[in-house]
Amino acid sequence: MKPIFARGISNQFRLTLAIILSVILLVANDRLEPVRQSISSLLSPLQYVANIPGAVLDWSAESFATRDMLKKQNKELLRQQLLMSERLQRFEHLRQENDRLRGLLGSPVHMDAKKVVAEVMEVASDPYRHYVVLNHGARSGVFVGQPVVDAHGVVGQVVEISELTSRVLLLSDVTHAIPVRITRNDVRLIAQGTGELDELELRHVAKSTDIRVGDLLVSSGLGKRFPEGYPVARIMSVDKDDGQSYAKVTAQPLAALDRIRYLLLIWPDENELPTEAKAPIEAESTEVQKAAEANQ
Amino acid sequence: MSMHIPHGRWVVWLSFLVAMLFQIMPLPSLVEGWRPDWLLLVMIYWAMALPHRYNILSAWVLGVLLDILLGAHLGIRALAMSLVIYVVVLHFQRLRNFPMWQQALMIASLVCLYHLVIFWIQFVVDVGSFDVSLFLPAISSLIIWPWVFWMLRRVRRIYKVR
């Protein structure tokens with residue numbers, strides 16, 4: 001400690017000062033985001049160091065894999081790739097057809113979004129919240145509010161960035177909600193986190209709503225935060241109790257939130273893109289729009 | 001007068017840095033709830049050993065840093081840590097003279113206080129549900145305290161930290 005305060009200042013005074021400062025921080029928490037960002041940029045090397053043991057374990061598990069295991073894995077991946085590429089061929093055809101139909105209707109054509117693969121860093125976070133830390137930050141163009149998905153569905157959104165890392169709030173956090181729709185009948189709902197990793201709650205669902213166990217929920221894109229059409233969850237239970245004014249509906253997130261490893265960061269909207277990524281996609285989008293106009 | 005010239009300040013801050021590292025180090029999910037409060041334990045040690053140099057305001061700074069590292073609401077751990085260190089600084093002479101087991105028990109109850117304060121502020125400003133597992137870190141801190149104490153005392157003597 002620097003002797004800013006002369007020795008002999010009473011502990012009571014120091015405690016009062018600490019309490020006042022803490023209360024100021026507690027109240028001003030949301031306004032202090034820039035300060036937090038710069039300090040956590042300074043601290044992020046610490047997170048990288050803390051991540052090392054886990055990374056070393058992973059690396060050693062990989063390098064000690066037996067030939068047999070690798071062969072098996074390779075075979076499985078080849079099989080999956082074959083299945084996927086067949087689906088992709090069909091998808092490509094459908095996409096073209098969809099674009100043509102959309103062109104005929106005069107609606108804007110869907111564009112491919114920019115994506116970046118990010119790795120979850122194994123560092124501890126606030127135990128009261130559902131967070132994961134990613135190894136990409138402001139330097140890679142990550143922004144607050146950015147949607148994050150994995151191979152199965154939506155995972156959450158970025159809530160905090162530093163220079164080299166970012167923090168993602170998971171779907172299941174109590175403070176998180178995402179606008180969704182049912183694929184079967186386009187009913188729009190809001191899925192809110194419950195604090196349990198494998199459960200979401202659908203709030204204010206009228207009892208007359210056509211909703212069944214097993215229905216697939218995809219993001220509806222209405223909140224302008226998550227792009228439309230990413231799978232979110234599957235309905236687990238529908239409880240229409242006469243004593244309650246709304247049906248009690250729970251859903252299970254499709255992304256396995258307790259063991260996520262690799263995630264995709266998505267840059268959804270052209271007007272929200274960081275500048276360096278903006279140019280090529282915008283060029284593409286104007287081309288597509290021209291094509292759509294030509295089709296009209 | 002030589003007592004008044006600080007010496008080996010970097011050792012103390014290095015110990016804080018290492019404690020922070022342990023605080024965010026990944027643990028298997030089975031023992032995650034048992035993570036001892038490394039930073040608090042190290043801070044308690046220095047507040048006990050050099051109460052005129054490392055006290056409530058250093059605890060406050062560390063608390064803010066920890067809040068930022070964990071992505072928590074700012075100020076929560078800052079407040080909890082300053083409160084605990086206030087208690088330590090008030091009673092540092094008594095704490096120093098306790099036998100080890102009694103000292104460890106005192107530290108464990110301080111860790112309980114720390115977690116209660118965190119829970120309480122969290123509940124007021126944000127979200128939070130009470131769970132008895134809140135106090136698991138107190139047990140692990142109780143077990144780990146003698147080792148932290150002996151190690152830091154050795155460090156203090158080797159580097160003549162004043």
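Trainee: At which residue does the kink in α7(B) lie?
Mentor: In this predicted model, local features need pLDDT of at least 70 and side-chain atom pairs count only at pLDDT 80 or more, while totals for chains, interfaces and linings use all residues. Residues are numbered from 1 along each chain as its sequence is written, and chains are lettered from A and ligands numbered from 1 in the order in which they are written. A bend at a residue is the angle between axes fitted to the seven residues ending there and the seven starting there. In α7(B), a kink of about 45° comes shortly before the proline B:P146, at B:I144.

Trainee: How far apart are the end C-alpha atoms of helix α7 of chain B?
Mentor: Helices (H or I, at least four residues) and strands (E, at least two) are DSSP runs, numbered from the N terminus. The expected span of a helix is 1.5 Å times one less than its number of residues. Helix α7 of chain B has 23 residues (136-158), so it should span 33 Å, and this agrees with the distance between its end C-alpha atoms, 33 Å.

Trainee: Which elements do the buried residues of α7(B) pack against?
Mentor: A residue is buried if 20 or more other C-beta atoms lie within 10 Å of its own, exposed if 12 or fewer, and partly exposed in between, with C-beta atoms placed from the backbone. The buried residues of α7(B) are B:P137, B:A138, B:S141, B:W145, B:V148 and B:L152. They pack against three helices of chain B: α1 (9-24), α2 (38-49) and α6 (100-125).

Trainee: Why does A:I19 count as partly exposed?
Mentor: A:I19 lies in helix α1 of chain A. Leaving aside neighbours within four places in sequence, A:I19 is in contact (C-beta atoms, placed from the backbone, within 7 Å) with B:L79 and B:S82. A:I19 counts as partly exposed because its C-beta neighbours inside 10 Å number 18.

Trainee: Which element gives the largest share of the side of chain A that touches chain B?
Mentor: The contact takes 34 residues from chain A and 34 residues from chain B. On the side of chain A, the elements that give two or more residues are α1 (11-28) and α2 (33-63). The largest share, 10 residues, comes from α2(A).

Trainee: In what order do the strands of the barrel with β6 of chain A run?
Mentor: Two strands pair if DSSP finds at least two bridges between them. β6 (residues 177-182) and β7 (residues 188-193) of chain A pair in the antiparallel sense over five bridges, and β6(A) pairs with β9 (residues 216-219) of chain A over three bridges, also antiparallel. The closed barrel of six strands, with antiparallel pairing, runs β6-β7-β8-β11-β10-β9.

Trainee: Which residue in the turn between β6(A) and β7(A) has a positive phi?
Mentor: β6(A) and β7(A) form a hairpin with five residues between them. The phi in question is about 60°, and it belongs to A:D186.

Trainee: Which residue in β11(A) stands opposite A:S237?
Mentor: Strands β10 (residues 231-239) and β11 (residues 247-253) of chain A run antiparallel and are joined by six bridges. Opposite A:S237 stands A:T250.

Definitions and conventions. Contact = placed C-beta atoms within 7 Å.
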